[in-house]
Amino acid sequence: MMKPLCLDILLQVTEVDQLKLQKSRHNDYLKHFLYDTLPPNLRFKFNNRKRTLTTLEEADDREWEAPKPKLKRSKKQHKPVCPLPPPDLPPKFKQHILEEMGGTSLVLVIKKTIFYSDVNPAASRFSIPFSQVKTQDFLNEAEAKDLAHKNPMQLCLLDPSLKQTSITFNKWVMGNTSLYVLTNNWNSVVKNNQLEKGDMVQLWSFRVNSLLCFALFKL
């Protein structure tokens, strides 16, 4: 009696295996059918786990992607902040001011890029916008009042070639904007020193016998 029962169970297992094989072949046939009949950009393959359809091109891209390395989070190290050294004039320029002209109280007024308006002969002026001025301490109280009352100052400008030129220093107020300007003889400074749009310059102030003077240095 045991033998027919085992045989019956074996036949049932065989039938199940055959059904699975038929189902697998059917799925393979369906995959090949979709692959062969559709255009390349619309070919699909089945993703049995997620039950989704993905294009073969996208799948290939993912398969060839290199694994993304895990980024290690580095602990931030708080380095002490060192203050930048104060700007200074070249030794030759500084020596000329201090020793040959007897200058004192060197102060950086502005560091700026020269614009077209600064070298335009029709404008004939060098602009010093308030927003770019490093400090207002280069003026004393009396000088500041004179400029505020629209009284220009005549002073000495030491140009990049170490040539001294008499120039006019004034304050302009245009609407909500204020700026200092160097005028009169400015065109000659531009020409003699071949100043061009895009040049970076520094304008320094210094005192000779308490009189305000300027030095223009091209970087």
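These are my notebook entries on a predicted protein model.

**Entry 1: ground rules**

I number residues from 1 along each chain as its sequence is written, and side-chain values use heavy atoms, with hydrogens and water left out.

**Entry 2: the overall picture**

I looked up the secondary structure and got 6 helices and 9 strands. Both are DSSP runs numbered from the N terminus: helices are H or I with at least four residues, strands are E with at least two.

Next I checked burial. Of the 219 residues, 29% are buried. Buried means under 20% relative accessible area, exposed means over 50%, and partly exposed is in between, with a 1.4 Å probe and protein chains only.

The accessible surface is about 16,500 Å², and carbon and sulfur atoms hold 56% of it. Those areas come from the Shrake-Rupley method with a 1.4 Å probe; for residues, only the protein chains shown count as cover.

I also looked at contacts, meaning heavy atoms within 4.5 Å. Among contacts with a separation of 6 or more, 56% are between residues 24 or more positions apart.

**Entry 3: strand 9**

How many residues of strand 9 are buried? I found 6 of the 8 (the strand is residues 211-218), so the strand is largely enclosed by the rest of the structure.

Then I traced its partners. Two strands pair if DSSP finds at least two bridges between them. Strand 8 (residues 200-208) runs antiparallel to strand 9, with 8 bridges, and Val-208 is bridged to Leu-211. These two strands make a hairpin with 2 residues between them, and Asn-209 in the turn has a positive phi of about 55°.

**Entry 4: strand 7**

I turned to strand 7 (residues 177-183). Here 5 of the 7 residues are buried, so this strand too is largely enclosed by the rest of the structure.

The hairpin of strand 6 and strand 7 has 2 residues between the strands, and Gly-175 takes a positive phi near 70°. Strand 4 is antiparallel to strand 7 as well, over 5 bridges, and Ile-128 has Tyr-180 as its bridge partner.

I picked out Thr-183, which sits in strand 7. Thr-183 is buried at 14% relative accessible area. Beyond neighbours within four places in sequence, Thr-183 contacts Ser-124, Arg-125, Ile-167, Thr-168 and Trp-172.

**Entry 5: rings**

I counted 8 aromatic pairs. Rings of Phe, Tyr and Trp (its six-membered ring) pair if their centres lie within 6.5 Å; planes under 30 degrees apart are stacked, over 60 edge-to-face, and the rest tilted.

Phe-169 and Tyr-180 are a tilted pair, 5.1 Å centre to centre with 35° between the planes. Phe-169 is in strand 6 (residues 164-174) and Tyr-180 in strand 7, so the pair ties together parts 11 residues apart in sequence. Both residues are buried. Ring pairs also link them into a cluster with Phe-130, Phe-138 and Phe-214.

**Entry 6: nonpolar cores**

Which residues touch the most other members of the largest nonpolar core? They are Ile-128, Phe-169 and Phe-214, in a core of 26 residues. Strand 3 (104-113), strand 4 (125-129) and helix 6 (186-192) are among the elements that each supply at least two residues of this core. A second, separate core has 13 residues, including Phe-93, Ile-97, Phe-206 and Ala-215. By core I mean a set of buried Ala, Val, Leu, Ile, Met, Phe, Trp, Tyr and Cys residues joined through side-chain atoms within 4.5 Å.

I listed the contacts of Phe-169 beyond four places in sequence; among them are Ile-128, Leu-139, Pro-152, Met-153, Val-181 and Phe-214.

Asn-185 is not a glycine, yet its phi is positive at about 70°. Asn-185 is in the loop between strand 7 and helix 6 and is partly exposed, at 44% relative accessibility.

Gln-194 has a positive phi near 50° and isn't a glycine either. Gln-194 is in the loop between helix 6 and strand 8, exposed at 62% relative accessible area.

Definitions and conventions. This is a predicted model: local features need pLDDT of at least 70, side-chain atom pairs count only at pLDDT 80 or more; totals for chains, interfaces and linings use all residues.
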